[in-house]
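Here is a short note for a colleague who is opening this structure for the first time. Please read the points with the sequence and the model side by side.

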Amino acid sequence: MPPRSTETTFCSPDGTTLAGTIMTPETRSGTSVVLVHGGGVTRHEAGFFTRLAAGLAEYGISSLRFDLPGHGESDGRQEDLSLAGVLNSISAARAHLVDQTGDAQASLLAASFSGGLAALYAAHRPDDVDRLVLFNPLLDYKNRFVDQKDFWHNEYLTPEAAYDLTAHGFLPHSPSFKLSRALLNEVFWFDARAALADVQAPTLIIHGTKDTFIPVDSSRNAITRLQHEHWLLELEGAQHGFAVHDDPTYADPQSQAYQAEAIVAVQDWLSRA
């Protein structure tokens, strides 16, 4: 029998209903993993997470991929999204997966925007995370959302940006990702990179060497901070999301080859005793 895919919903601690998909293999290994997508996309990651879940099921690994608040089919608005809210959503997803599968342990995999938050989660709740996997993780939220934006001056919003934030409830990061007032305040205080030293879970980081959104040097620096078992897999020539340049739907065969290599690495990492 093929793996079973089940649509599911569960609530975050603040009552937001989150939509997800549980993939259950025919023969289970007792290992499960929560898959957390990046900002501005959905739990399927343009098909990559769908293929990843199927690949993990081949190894007996159950998974739950879910839409962050204000994304995909989940409730909430991106205008209200906060870093703390994402952490609570990860916690709720883990609890739901363990409840649905009966597995004693769960691992955590997160991409891009969610990567640093997954590291923070693992650092603060070591008993919750068996193994950790980070795909091209964002580890410096202030740099990404403040230092790299022209609507800040000396760490204060420009008057024009402050007006837009009040008028619209958000500032744009990309066409599909809105930055809330709460998130813009939090980035000054959430230090994911510093938390890496406290991560106890064996950690796999995968990063493309041609990533122009989050340079691979960020992950090269990250592994110098990890104190426990870790591995950095660099995908030579891959852009953000493990793709060739300008391939958002991952239609190019090379993009699919990069992602297939990542899936094999994750299968191996999560299957280790």
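1. A residue is called buried under 20% relative accessible area, exposed over 50%, and partly exposed in between, with a 1.4 Å probe and protein chains only. Helices (H or I, at least four residues) and strands (E, at least two) are DSSP runs, numbered from the N terminus.

2. This is a predicted model: local features need pLDDT of at least 70, side-chain atom pairs count only at pLDDT 80 or more, and totals for chains, interfaces and linings use all residues. Residues are numbered from 1 along each chain as its sequence is written, and side-chain values use heavy atoms, with hydrogens and water left out.

3. Start with strand E3. Six of its six residues are buried, so E3 is largely enclosed by the rest of the structure. Both faces are covered: Thr31, Val33 and Leu35 lie on one side, and Ser32, Val34 and Val36 on the other.

4. Now the partners of E3. Strands pair if DSSP finds at least two bridges between them. E3 (residues 31-36) runs parallel to E5 (residues 105-111), joined by six bridges. Ser32 faces Ala106 of E5. Six bridges also tie E3 to E4 (residues 61-66), again parallel. Here Val34 is opposite Leu64.

5. Step back to the sheet. It is open, with eight strands in the order E1-E2-E4-E3-E5-E6-E11-E12 and mixed pairing. E1 (4-11) and E12 (230-235) are the edges; each has a single partner strand, so one side of each is left without a neighbour in the sheet. Neighbouring strands are turned by 20° against each other on average, direction ignored.

6. Helix H3 (residues 115-124) lies across E5 and E6 (132-135), at about 160° to E6. Axes are lines fitted to C-alpha atoms, for helices over the stretch in contact, and angles run from 0 to 180 degrees between N-to-C directions. Nine of the ten residues of H3 are buried, so this helix is largely enclosed by the rest of the structure. Its buried residues pack against H2 (83-101), E5, E6, H4 and H7 (192-195). Contact means heavy atoms within 4.5 Å.

7. Which residue deserves a check in H4 (residues 141-147)? Arg144 sits there. Arg144 is buried yet has no salt bridge (a Lys or Arg side-chain nitrogen within 4 Å of a carboxyl oxygen of Asp or Glu). The nearest side chain of opposite charge, Asp211, is 7.3 Å away. Lys and Arg count as positive, Asp and Glu as negative; His and the chain ends are not counted.
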